[in-house]
Amino acid sequence: MIDDNFLNEYGDILYQIERPSRYIGDEFGSYDKDFNLAKGKFLFAFPDKYEIGISNFGHKIIYDLINKKENLLCDRIYAPDKDFIELLEKNNKTLYALESKRKPMEFDIIGFALQYEMCYSTVLKMLELSNIPVLSKDRNDAHPIILAGGPCTSNPNPMSKFIDIFIIGDGEDVNIEVLEKYISLKNKLSRKEIIEELAKIEGVYAPLVHKKTKKRIAQLSKENHPINSPIPHFTSVHDRAIVELRRGCGRLCRFCQASHINLPIRERKKEDIVELTKKYVKNTGYDEYSLLSLSSNDHGQIEEILSDLNCYYKGSGINVSLPSQRADRFSLELANLAAGEKKASVTIAPEAGTQRMRDIINKNLSQEQIINATISCIKNGWNKIKYYFVIGLPFEQYSDLDGIVDLIEEVNLACRKNGLKYPQITCSISVFVPKPHTPFQWARQNTIEEINNKINYLRDLKNKLKNVRFNFHNPKMSQLEAFFSRGDEKIADFIYELYKNNAYLESWDENLDFDLYKKIEEKLNISIEDLTSKEFSKDEILPWEIVDYGVDKTWLLGEYKKAQNAISTIPCEVRCNDCGVCKNLKTKKVLAK
Ligand code: SF4
């Protein structure tokens, strides 16, 4: 709530900064509960700008579920931009929670969402701006518990000196259990004893206790899906209602961490998805909804869902957006439904240019399927095609890079045969990052020199093609991602140095200072490239094995060996591959059909 006290304290600062609406809360759809009545107070902290954080689906789930509990409260805080920080520091003021305007110190738990590794230094700065010691060891009984959830907790080591407890796996149930247990123990036990007790909850890893932790799995229901969320005061990155179709992906692409850490597949029923969408769109007033999933057209009832919703919203101006379609399940009907009248561009993700390489990564996608899907799009009015590729993959040869250009030449040839105009093709090319809990977790990453050579090679090849643009992801950024994601506890010192040297909002290109990384490498005698280009031995205990996502290590290793021989694995949707998840976590896949 914006009251006189708040305006007296922060009003002058807010008048001087860009976009003060990022920092005032009170958005339509926010809860704004009575702070004094809540027994347990959770502050959701997103270590990126407001417009990124407020669009995050995980954030909407946790915010909604905690606030639905009568005795609990969840407020929000996002990373302030530099102009705001400057004035906060100059005026000796701390951050505050958006709705209650209370200081972070007044909360029981502060929960950071670790969505990507480049947010680590921002977490530390947000703690400093909250007047909370950055290092866990320096906190006392008066400080809130600092919690972290999200995909990066799949390797807690790099942040283990700063975070008290990590949530491993789905957060729906466990965040509430942690908060309720905390309230029951507060003022009875010391901080250390409380953390030890919290670490007994399934899915909670505490560095202080250092006990191997199994991931937590939530069963998806209508009740644990939001049907409303705060609508930002200005444009955010995704201004639309988001409805989750399914969690997990049984395709098991060998480089994909999201696929492996979110197993088993859990699909929502068609009736639930349709009902949730209608309610969410009605409550928020958005004119667009997105059906979220790692691969939307793998949902067993996707056609029926889209056709029901399309019929319901016909003529209303409310459209659906779908993430990229898989070319082997490509459906023109679905593409038409998702595109509405726009037909701006369609995205297909071959990931690799040759069949050999697609078998290595287990993409289960043929050249013919990619070309047919592309031609089908062009015939039906799409003239902009976007392809995703990854380079630097394990066992890659230069002939696999030739394959990227060959594939596009084949598309052009098929266009000529069909009397079609060439499409405008944009290839978004990223660099392979070896990620924990995947079959490629042991693999080395290409050095910057190796990747630059490959990029130059591809640029030369591309000159043959007139209708193609290549966009390369910054290889240095991918190297840092690999450095942090596979790091051990020693990486925490590196993150601490980054923070001390004012690194902040590093996922924004303009803030990333590679010279600073060089200086810290020298100071700490660490070589980022030595670590990222290292192949882990198959016998060693990997730093991230402290958390258990249920997939058997022997199965991952078997997949790595199959990759070496370019042998594919059938998707889990079709047949169980005994990856270990269902047995180890006593669960099972849930398919809608
Ligand atoms: S054990 Fe089988 S069904 Fe369960 S996630 Fe693994 S492959 Fe899928």
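Helices here are DSSP runs (H or I, at least four residues), numbered from the N terminus. Before going further, please note that this is a predicted model, in which local features need pLDDT of at least 70, side-chain atom pairs count only at pLDDT 80 or more, and totals for chains, interfaces and linings use all residues. Residues are numbered from 1 along each chain as its sequence is written.

The contact of α9 with α10 is made by K270, I273, V274, T277 and K278 of α9 and E304, I305, D308, L309 and Y312 of α10. Contact requires C-beta atoms, placed from the backbone, within 7 Å. By class, these residues divide into five nonpolar, one polar and four charged. Here Ala, Val, Leu, Ile, Met, Phe, Trp, Tyr, Cys and Pro count as nonpolar, Asp, Glu, Lys and Arg as charged, and the others, Gly among them, as polar.

The crossing of α14 and α15 is right-handed. Y398, L401, D402, I404 and V405 of α14 meet K454, Y457, L458, L461 and K462 of α15, a contact with seven nonpolar, no polar and three charged residues.

The table gives the geometry; axes are lines fitted to C-alpha atoms over the stretch in contact, and angles run from 0 to 180 degrees between N-to-C directions.

| Helix pair | Angle | Axes |
|---|---|---|
| α9 (residues 270-284) and α10 (residues 302-313) | about 35 degrees | 10 Å apart |
| α14 (residues 398-417) and α15 (residues 448-462) | roughly 35 degrees | come within 10 Å |

**Domains and ligand**

The protein is divided into domain 1 (4-214), domain 2 (241-490 + 526-532) and domain 3 (551-584), with bounds from an automatic or database domain assignment. The C-alpha centres of domains 2 and 3 lie 21 Å apart, and 21 residues of domain 2 are in contact with 16 residues of domain 3. On the domain 2 side, helix α12 (residues 355-360) gives the largest share, three residues.

Both of these domains give residues to the shell around the ligand, so the ligand lies between them. Among the shell residues are G250, L263, C572, C576 and K589, where near means a C-beta atom, placed from the backbone, within 6 Å of the molecule. The shell has seven nonpolar, two polar and two charged residues.

**K519**

K519 sits in helix α18 (residues 514-524). Its C-alpha atom is 9.9 Å from that of E497, 22 residues away along the chain.

Conventions:
Helices (H or I, at least four residues) and strands (E, at least two) are DSSP runs, numbered from the N terminus. A crossing is left-handed if the near helix is turned anticlockwise from the far one by less than a right angle, and right-handed if clockwise. Two residues are in contact if their C-beta atoms, placed from the backbone, lie within 7 Å.
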